[in-house]
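Here are my notes for you to read next to the structure. Have it open and look for each part as you go.

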Amino acid sequence: MSVIYIMWLRQVKKYFRSRSRIIGSLGQPLLFLLAFGFGFGSIYKRAGAGNYMQFLAPGIVLMSVLFTAIFSGIDLIWDRQFGFLKETMVAPVSRLQIMFGKTLGGATVATVQGIIVFVMTLLVGFRPQNLYMLPAGLMVVFLVALLFTSLGIALASTMEDMQGFQLIINFLVMPTFFLSGALFPLEGAPKALDIVATLDPLTYGVDGLRYSFLYSATTFGMATDFTVLIVLTVALLGVGSYFFERIQA
Amino acid sequence: MRTETPDVIEKETNLSLNIDHANIIMVSNLVKKFGELVAVDDISFEVKRGETFAFLGPNGAGKSTTIKMLTTLLHPTSGKIILNGHDPVHDKDGVRKSLGIVFQDPSLDEDLTVLENMQFHAVCYNVRKDIRAKRIEELLKFVELWDRREDMVKTFSGGMKRRLEIARGLLHHPTILFLDEPTLGLDPQTRNHMWSYVKEINKKENMTVFFTTHYMEEADRVADRIAIIDHGKIIATGTSNELKSRTNSETLEDAFLNLTGHKIREEEASSLDRLRRMGQLWRGRRR
């Protein structure tokens, strides 16, 4: 237990210490909010679909969660590079505890990042309809964070170095975000896109968060969203620990 | 760990028949292959409890690979290892509890402070809370980093990091201390200081010390017994004097050269070395 805690604490401490990184990672969501939110806002309204900022904000919150979570997982490669991984690998503690501590730490960090971006969306005009659903929203954010941190760790465990990093960004993280329905409604989208979106785990996160904030806007229903997220998170934690256990420093 | 007598240890592991009071490390017919390359080629040796044992060899001879197998970081291709009564393949945690390791490459978390690095280690090795603070203070004072305890490790020079790693490796009072080129990059003052401290614990607590080095005079001075490995095979073992007289050499360095030849060895940069260089670029850009 204490090992999980110390791994978690390490992750969280390092996050709060790198202020430049926190501020830096707010730039991208802010840009999306301003450029897309205000840029497409009027067209969206003219199409009779309502307020685009209301639609966009949950997606942008999860975008920052997605990126932070994947990076916190992939952080493992730096641990390996700077040798710290070896210190944990020769310690008489189970790999599972190390991996869980790191995953929880990464997920916490990503959740905090999501909350910061949520506050930012309030500043640019986003208004959640019902505040009492915020805890459900927080749950969605944390699940998404957990899911993608585990994925990051699973990927990092199989990577020797950072060569594959660009590949992950361009072929995994970006598509996961753009095809999730974070930016546009899936209703009325071409069939192929709809199918791809159904296969994208983030779609369920976006759907769940949008429902928590706005009540009316759900495609799958909260139960489906939570089930998919929980099942996938558990599966990825399993995959992550499988690969993590096999690391030979 | 520190006050355990051999009986206590035996009681703990009375199910295993591996216990040997004299030999704390037993290696027999150990082989490690990486594809075609045979890095460690059928080696066997023993290290006695309480002994200071030097493991010498040119670059790429198989030293680090052997240490990685002894410390549970690598699976042997074949052969048997018993450390403090435990087998690193099947009873990893048993072995890990017995070991303190100072790696050849840095293994500190640079974004944490000195104290945080020590505390992390104390938690991982289950050092009791009531003795934790005192022991950390004592060790940090010894390596003269106590005044810098709140500083981030990334602000430290190579020598300071090494000192911290040594302090950390001793924190849980290991039964066997592995030192992989521990004095690389240390000035003579620190080097002497370190060895006198290690020798003191070695005597006081009967801690076994297993180390590698490229400084032959160091091995000559500190080691009770020496093994020389080359091309994955152990080519000689014995005390420094035995090795010298066997090769008719004045110094251990000559004995070493007589045994291993004068040819300079090439070691290929691993992907890890390349990664490290890349990481420096990356970090440089981030900060």
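1. Start where the two chains meet. Keep in mind that this is a predicted model. On the chain B side, 28 residues are in contact with 24 residues of chain A.

2. Which elements of chain B supply at least two residues each to the side that touches chain A? They are helix H3 (92-98), strand E5 (99-102), helix H4 (114-124) and helix H11 (271-286). H11(B) gives the most, with six residues.

3. Now sort that side of chain B by class. You get 14 nonpolar, five polar and nine charged residues.

4. Next, pick out one helix pair across the two chains. Two packed helices are described by the angle between their axes and the distance between the axes. For helix H1 (residues 2-17) of chain A and H4(B), the angle is about 160° and the axes are 9 Å apart. Angles over 145 degrees count as roughly antiparallel, so H1(A) is roughly antiparallel to H4(B). The crossing of H1(A) past H4(B) is left-handed.

5. Which residues make this helix contact? From H1(A) come A:Ser2, A:Val3, A:Ile6 and A:Arg10, and from H4(B) come B:Phe120, B:Val123 and B:Cys124. By class, the contact of H1(A) with H4(B) has five nonpolar, one polar and one charged residues.

6. Now go to the sheet in chain B. Six strands form it, in the order E5-E6-E7-E3-E8-E9, and this sheet of chain B is open, with mixed pairing. E5 and strand E9 (233-238) of chain B stand at the edges with a single partner strand each, so one side of each has no neighbour in the sheet. On average, neighbouring strands of this sheet are turned by 15° against each other, direction ignored.

7. Zoom in on one strand pair. Strand E3 (residues 52-56) and strand E7 (residues 208-212), both of chain B, pair in the parallel sense over three bridges.

Methods:
Residues are numbered from 1 along each chain as its sequence is written. Chains are lettered from A and ligands numbered from 1 in the order in which they are written. This is a predicted model: local features need pLDDT of at least 70, side-chain atom pairs count only at pLDDT 80 or more; totals for chains, interfaces and linings use all residues. Two residues are in contact if their C-beta atoms, placed from the backbone, lie within 7 Å. Helices (H or I, at least four residues) and strands (E, at least two) are DSSP runs, numbered from the N terminus. Ala, Val, Leu, Ile, Met, Phe, Trp, Tyr, Cys and Pro count as nonpolar, Asp, Glu, Lys and Arg as charged, and the others, Gly among them, as polar. Axes are lines fitted to C-alpha atoms, for helices over the stretch in contact, and angles run from 0 to 180 degrees between N-to-C directions. Angles under 35 degrees count as roughly parallel, over 145 as roughly antiparallel, 65 to 115 as roughly perpendicular and the rest as oblique. A crossing is left-handed if the near helix is turned anticlockwise from the far one by less than a right angle, and right-handed if clockwise. Two strands pair if DSSP finds at least two bridges between them.
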